Each structure stands twice: as C-alpha cells, then as structure tokens.
Amino acid sequence: GVIVALGNLADASAARVIDARKFKVVPGFIDIHSHTDLDLLKNPFAPSKVRQGVTTEVPGQDGESPAPLGGPGLDESLKGFLDSFGFDCPYRDMDGFFTLLSSRGMTPNIASMVGLGTLRGVSVGFDDRPATTDEITAMKEAARKAIGQGCWGASTGLEYTPGSFASEAELIEVMKALPLSHRLYATHMRNEADRVLDAIGEAIAIARG
C-alpha cells in the first residue's frame, strides 16, 4: 500500500514481481467530489470506482452528509434508511456512520466532508429564514464535532433545500468554527446560470471570510 521507490529497479529484490509493461503504473486516484456516502452500505466493494483506479472517495458533498441526524427531518431520514437498507439506522452522528461502514467492510478509503445543509436541517429545519444566534452556535458545535469524529472539511449545496436558505454571513461564521487544519470548503454554489458570476463571487467571499 505504499510507494517505496521510483526509477530503475533492475537491481531491486521483491517477493512478487508484476509484469506491467502494457500498463501505466500510478498511485490510486482520489475522487474529491463523490456521492458514494450510503452507497457503500449497498456495495462496499465499489467495483465501478476501483476499476477506474479510484482508491479514495471524498463524500459528504453538496451540503449533504449521512450525519448528523436529528431535528424535524429525523423521522423521514430514519424511514428512508430503513426502506433503502432493510434495517434500522444504528447511528446519529458521523462517528456512528464511520463505525457502521467499518463494521461492514469496504474497499475504498474515505475522507468525508460534513454537509452544512445537513447541519442546518438539524438545527434550523427547512424554513426559509435566517438562523438565530443560538442556531448558528449549534451548527458551529455540530461542525466541530463532525471534524473531531473524522470529517476533513465542510461542503455546501446552495441550490438545494435547506442549504439555499443559508446566507453568506452564516456560512462564513460556521466555517470559521472548524479547526484551521480542516477548514476545507467545497461548494455547490448558488447559481450556475444567469447569476453564475455572483455565485462565484460569493464562493470566493466565503473562502476569504
């Protein structure tokens, strides 16, 4: 699993030699925008990705992550999980989700983001309104908790409910709560059509903020 040497290895010894003359030898590819999340519970071997050379997936994109679960949408989330997988959802946070994946086994490596839309759904709900100070505090605490449990950064889906209801200022404030080493911001920005330049400007402003 580790590259230990490059170059002319004619004089090197090895327990196993693979004839790769017809192939390209490369490190595993990293899919930095993956929606594999819960799909790994259905097919942990991920053959469609592995056959393309993808060995690491970065899910939790577009503001959505498998956890945390809670708030007004909890019952719907739990029902959807049961309908999809045939057993009750055993987790409520990212640590529980990672534990579930590990217990069932999986082929790819996972470096998940936490979805800020998911956090908003838990703390604020699905109403089109500004988050209160207490709700922003709750989202910040939930974001820090997700990082502590193994997430690498946060994502937004600003064309999707409820992420679309979050203001630029709210997103900056929540992102600032992440440890600097994990302050990675991946966005599905707010517009990809007639206001695309405004959306790009907002994405840059959030990153700067």
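What follows is a conversation about the predicted model shown above.

Reader: To get my bearings, how many helices and strands does the chain have?

Author: The model is a predicted one, and in it the secondary structure of the chain comes to eight helices and six strands. Read along the sequence, these elements follow the pattern β-α-α-β-α-α-β-β-α-α-β-α-β-α. The C-alpha atoms fill a box of roughly 65 × 45 × 30 Å, taken along the principal axes, and buried residues make up 38% of the 209 residues in the chain.

Reader: Which residue is the bridge partner of Asp31, and which is the partner of Glu57 in strand 3?

Author: The bridge partner of Asp31 is Glu57, in strand 2, and on the strand 3 side Glu57 has Ile110 as its bridge partner.

Reader: Switching to helix 4: which of its residues are buried?

Author: Helix 4 covers residues 94-104, and its buried residues include Met94, Phe97, Phe98, Leu100 and Leu101. Seen down the helix axis, the buried residues fall within an arc of 155°, so they line one face of helix 4. The face turned away from that buried side carries the exposed residues Ser102 and Ser103.

Reader: What do the buried residues of helix 4 pack against, and what follows the helix?

Author: They pack against helix 1 (39-42), helix 3 (74-85), strand 3 (109-110) and helix 6 (133-148). Helix 4 is followed by Gly105, whose phi is positive, near 85°.

Reader: Which residues have the most contacts inside the largest nonpolar core?

Author: That core has 34 residues, and those with the most contacts inside it are Phe81, Tyr91, Met94, Leu116, Met139 and Cys151. As a general point, nonpolar side chains tend to be buried together in soluble globular proteins.

Reader: Now an arginine. Is Arg120 buried or exposed?

Author: Arg120 sits in helix 5, residues 116-123, and has 1% relative accessibility, so Arg120 counts as buried, the cut-off being under 20%. Leaving aside its neighbours within four places in sequence, Arg120 is in contact with Gly125, Asp127, Arg129, Pro130, Ala131, Met139, Pro162, Phe165, Ala166 and Glu170.

Reader: What lines the largest cavity?

Author: The lining is made up of Leu116, Gly117, Arg120, Met139, Thr156, Leu158, Gly163, Ala166, Glu170, Leu171 and Val174. The elements that give two or more residues to this lining are helix 5 and helix 7. About 60 Å³ of space lies in the largest cavity, and the count comes to one cavity of 30 Å³ or more.

Reader: Last topic: what is the volume of the largest pocket, and which residues are closest to its centre?

Author: The largest pocket has a volume of about 780 Å³. It is lined by 34 residues, and the closest to its centre are Glu64, Ser65, Leu69, Ser77 and Thr118.

Reader: Which helix gives the most to that pocket's lining?

Author: Helix 3 gives the most to the lining of the largest pocket, with seven residues, and helix 1, helix 3 and helix 5 each supply at least two residues of that lining.

Methods:
Residues are numbered from 1 along each chain as its sequence is written. This is a predicted model: local features need pLDDT of at least 70, side-chain atom pairs count only at pLDDT 80 or more; totals for chains, interfaces and linings use all residues. Side-chain values use heavy atoms; hydrogens and water are left out. Buried means under 20% relative accessible area, exposed over 50%, partly exposed in between (1.4 Å probe, protein chains only). Helices (H or I, at least four residues) and strands (E, at least two) are DSSP runs, numbered from the N terminus. The arc is that of the directions from the helix axis to the C-beta atoms. Contact means heavy atoms within 4.5 Å. Two strands pair if DSSP finds at least two bridges between them. A nonpolar core is a set of buried Ala, Val, Leu, Ile, Met, Phe, Trp, Tyr and Cys residues joined through side-chain atoms within 4.5 Å. On a 1 Å grid over the protein atoms alone, a cavity is a set of points where a 1.4 Å probe fits but cannot get out, and a pocket is an open set with protein on both sides within 12 Å along at least five of seven lines; lining residues have an atom within 4 Å of a point. Grid points are joined across faces, edges and corners, and a volume is the space filled by probe spheres set on the points.
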